[in-house]
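Please look over the model shown here before reading on. The paragraphs after it move from the chain as a whole to single residues.

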Amino acid sequence: MAEGVAKLDENDPSFRSEKPPEYQERTDMTSESLSEPDTTNSSVPNVEIRDQRFYNQHPPMAPVYSNEDVKQISENMKKEEAKKYFSLREGQFENAVDTDCKAFINPEEDGEVVSSYLLTEIDHWDHEKERIVIITEKKLILVKYNFIGLRVEDHRKIPLINCDKIQSGRFTYPKNTMMMITGYADHNPRVIQHGVRIHFQHSEPSLLQNWNPWSHEIPYISFTNHHSFDLKPNPPSHAQVKLFEKALIDEINMARSAVPNKEKLSRFEVVEEELPITVYLGLSAKVVNQSKLGFCKDRGNVFY
């Protein structure tokens, strides 16, 4: 043997031919059992790690606002929302009436302008539309005005002597319809709004007229306050439907009294009662009214 290498003596008691204990315990295991891990005697220690910094952390406290803070936040949100309406910008409404709307008013046929208003029209499909409403000595004029393009899109004139009935009250929806089932009617602020409905024919709309959302033959028109009434702490007088109602009734009575043959006119009445909106599904009203598509806002020239 090479020098420096000791020879092992098998008779030496220090030399042990036994197999290591780990190997001896596994000699009786089959190939299948060897392929599976031994989970009965796991060598992984059960250690719980604790970090004092983790236990010392506290969840962030929610900010506490007083009633005055909540009121101020609400007012600021309304001010920012009001800025989106082009019709609420300073001088826009007055300029539209004096410059563009009076251009198609004939003093001889329509009479002089008595008052003008910025209201929300609610059509027979419950669609909200921003409208300029002008009362003259002889006519009630509805104007579809584009406050973005600063132009008149359309207008309609109704003789005051043809107005035979004015309803004043809150809006209601039919019972047992999709409007009630989906909760649209219950959560719609329309049900607590004060509205005015003006009838100018002693007739009810036909089935075809009711089912046509673009029909202009509906024998009545309905108005409520403009949205600025809810967005401004001191809404302008021309956006309040109650002031419009009072002025309209006065002018109708004056126009009827100026007619030579009053006995030929139909009876004029003012009643306080609910204003039914005969809408049974209301899907289009949800989209149009919640998105304010009937108003000129800073989202672009998207209104009708």
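This is a predicted model: local features need pLDDT of at least 70, side-chain atom pairs count only at pLDDT 80 or more; totals for chains, interfaces and linings use all residues.

Residues are numbered from 1 along each chain as its sequence is written, and side-chain values use heavy atoms, with hydrogens and water left out.

The chain has 12 helices and nine strands; helices (H or I, at least four residues) and strands (E, at least two) are DSSP runs, numbered from the N terminus. Of the 304 residues, 37% are buried, where buried means under 20% relative accessible area, exposed over 50%, and partly exposed in between (1.4 Å probe, protein chains only). The accessible surface comes to about 20,200 Å², and carbon and sulfur atoms hold 52% of that area; the areas come from the Shrake-Rupley method with a 1.4 Å probe, and for residues only the protein chains shown count as cover. Among contacts with a separation of 6 or more, 66% join residues 24 or more positions apart, a contact being heavy atoms within 4.5 Å.

Helix 11 spans residues 241-257, 17 residues in total, and its first and last C-alpha atoms lie 24 Å apart, close to the 24 Å expected at 1.5 Å a residue. The expected span is 1.5 Å times one less than the number of residues. Buried residues of helix 11 include Phe-244, Ala-247, Leu-248, Glu-251, Ile-252 and Ala-255. An α-helix has 3.6 residues a turn, so residues three or four places apart point the same way.

On a 1 Å grid over the protein atoms alone, a cavity is a set of points where a 1.4 Å probe fits but cannot get out, and a pocket is an open set with protein on both sides within 12 Å along at least five of seven lines; lining residues have an atom within 4 Å of a point. Grid points are joined across faces, edges and corners, and a volume is the space filled by probe spheres set on the points.

The largest pocket has a volume of about 520 Å³. It is lined by 23 residues, of which Glu-121, Lys-129, Arg-131, Ser-215 and His-216 are the closest to its centre. Strands 1 (113-122), 2 (128-136), 3 (139-146), 4 (151-159) and 7 (220-224) each give two or more residues to this lining. By class the lining has 10 nonpolar, six polar and seven charged residues; Ala, Val, Leu, Ile, Met, Phe, Trp, Tyr, Cys and Pro count as nonpolar, Asp, Glu, Lys and Arg as charged, and the others, Gly among them, as polar.

One cavity of 30 Å³ or more is found in the whole structure. The largest cavity has a volume of about 40 Å³, and among its lining residues are Arg-197 and Pro-276. Pro-276 belongs to strand 9 (residues 275-276) and is partly exposed at 40% relative accessible area. Beyond its neighbours within four places in sequence, Pro-276 contacts Thr-172 and Arg-197; the C-alpha atoms of Pro-276 and Arg-197 are 9.9 Å apart.

Lys-79, in helix 4 (residues 67-82), has its C-alpha 7.1 Å from that of Lys-232, 153 residues away along the chain. Leu-150, in the loop between strand 3 and strand 4, has a positive phi near 55 degrees.
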